Amino acid sequence: MVLISGLPDEVVYDCLIRVKYDQFPTITSVSKGWKSEVELPEFHRFRKNGGYGQKLIVMVQARVPPNQGVFKCLKEPLYRFTVCEPDSGDWGEFPPISVFPGGSLPMFCQFAAVGTNLVVVGGLDPVTWASCKSVFVYNFMTATWRRGTDMPGGSRTFFGCASDSNRMVFVAGGHDGEKNALRSAMAYDVAKDEWILLPNMERECDECKVVFQHGKLHVIGGYCTEMQGRFERSAETFDTSTWQWDCVQEDFLQISMCPRTCVAGDDGATYMCCDGNVIKQTCGLWQTVAELPAHVRNPASLTAWHGKLLVIGCAGFGEPHMAYMFNLENHTWSKVDTPEKYSGHVQSSCYLEI
């Protein structure tokens, strides 16, 4: 199929790979030929290899009511997806999921980026606070949501979630409706829209953090039923090549603390925020990387990509959330301008390039 009459396909293709990600819905609506072309994995590979892929930090963030400030959104939080392009400093938000009143996301939902999709799993109904097992998939190419197959099993909240960035979203731990911490784990195949059960972990793991790195799923921190909020330092690793869990690492974390800021760097290290600093673990040892800027001394999220870190947090309770970017090469911080509209609490974040 000719993409544009009278122009070589190579020229048209060279133009298409330069289009901004938020223009893809327009591109896909022009013709079937354009739609099929830009949805090919090869298209996105060429786009990234050519340096035209856009680096995005996607966040679940509380809305800030106009003229009412951040404190109002802390009292009556309604969460939605926002996006920051750290290279340009541009901010935006995604279309809401229409299932819930006001388009709000489920409270404490988890999400992960898979290819050109964003997958939202579970959480609490923003009106009834009942546990949700729902799955919603956002397609960046069409800027639309679709309903996925619900998460199987009983009630599960405060679980960890991560993806292999290609096809699978992994869910591990959390607790059931009786506050019993869970050992179970599962994977959602986005392409097939089906769930696959994983072998159980050795230990129960509530409020854990899950990261995926080098073909392995790492379940970090959390606590068992008896501990109830007293976080442990251990970690378990699932090898997707053998489909088995490795032995528990007893002292993975430096101290007993909530692991929500743990992220996997592309240098093989694990990064997190701890006691006013960014720290990293390599070869089993933790070391301080940098002191956090005063405006983000209470960090809400940490994201890593291509030798950089993005910390979003606030100076204190009720203060607006701000963003600072850290360059791991020259060890310098730079402030990312944050419009008031995007200064609400950030529940979680992830990086993707599209």
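Which side chain meets that of Asp90 in a salt bridge? The side chains of Asp90 and Lys20 meet, with N and O atoms 3.8 Å apart; a salt bridge here is a side-chain nitrogen of Lys or Arg within 4 Å of a carboxyl oxygen of Asp or Glu.

This is a predicted model, in which local features need pLDDT of at least 70 and side-chain atom pairs count only at pLDDT 80 or more, while totals for chains, interfaces and linings use all residues. Residues are numbered from 1 along each chain as its sequence is written, and side-chain values use heavy atoms, with hydrogens and water left out.

**Overall form**

The chain contains 5 helices and 24 strands, where helices (H or I, at least four residues) and strands (E, at least two) are DSSP runs numbered from the N terminus. Its radius of gyration is 20 Å, close to the 20 Å that the globule rule gives for 354 residues, so the chain is as compact as a globular protein of that length. The radius is taken over C-alpha atoms, and the rule is 2.2 Å times the number of residues to the power 0.38. Along its principal axes the C-alpha trace spans about 70 × 45 × 45 Å.

Of the 354 residues, 51% are buried; buried means under 20% relative accessible area, exposed over 50%, and partly exposed in between (1.4 Å probe, protein chains only).

**Charged side chains**

The chain carries 31 positive and 40 negative side chains, with Lys and Arg counted as positive, Asp and Glu as negative, and His and the chain ends not counted. The centres of the two sets lie 3 Å apart, the place of a charge being NZ of Lys, CZ of Arg, CG of Asp or CD of Glu. The salt bridges number 11, including those tabulated here.

| Salt bridge | N to O distance |
|---|---|
| Glu85 and Lys20 | 3.9 Å |
| Asp90 and Lys20 | 3.8 Å |
| Arg147 and Asp150 | 3.2 Å |

Salt bridges that share partners join Lys20, Glu85 and Asp90 into one network. Lys20 lies in the loop between helix H1 (9–16) and helix H2 (24–30), and Glu85, 65 residues away, belongs to strand S2 (residues 79–85). Asp90 is in strand S3 (residues 90–93), 70 residues from Lys20. Both pairs link distant parts of the chain.

In the remaining tabulated pair, Arg147 is partly exposed at 47%, and Asp150 is partly exposed at 35%.
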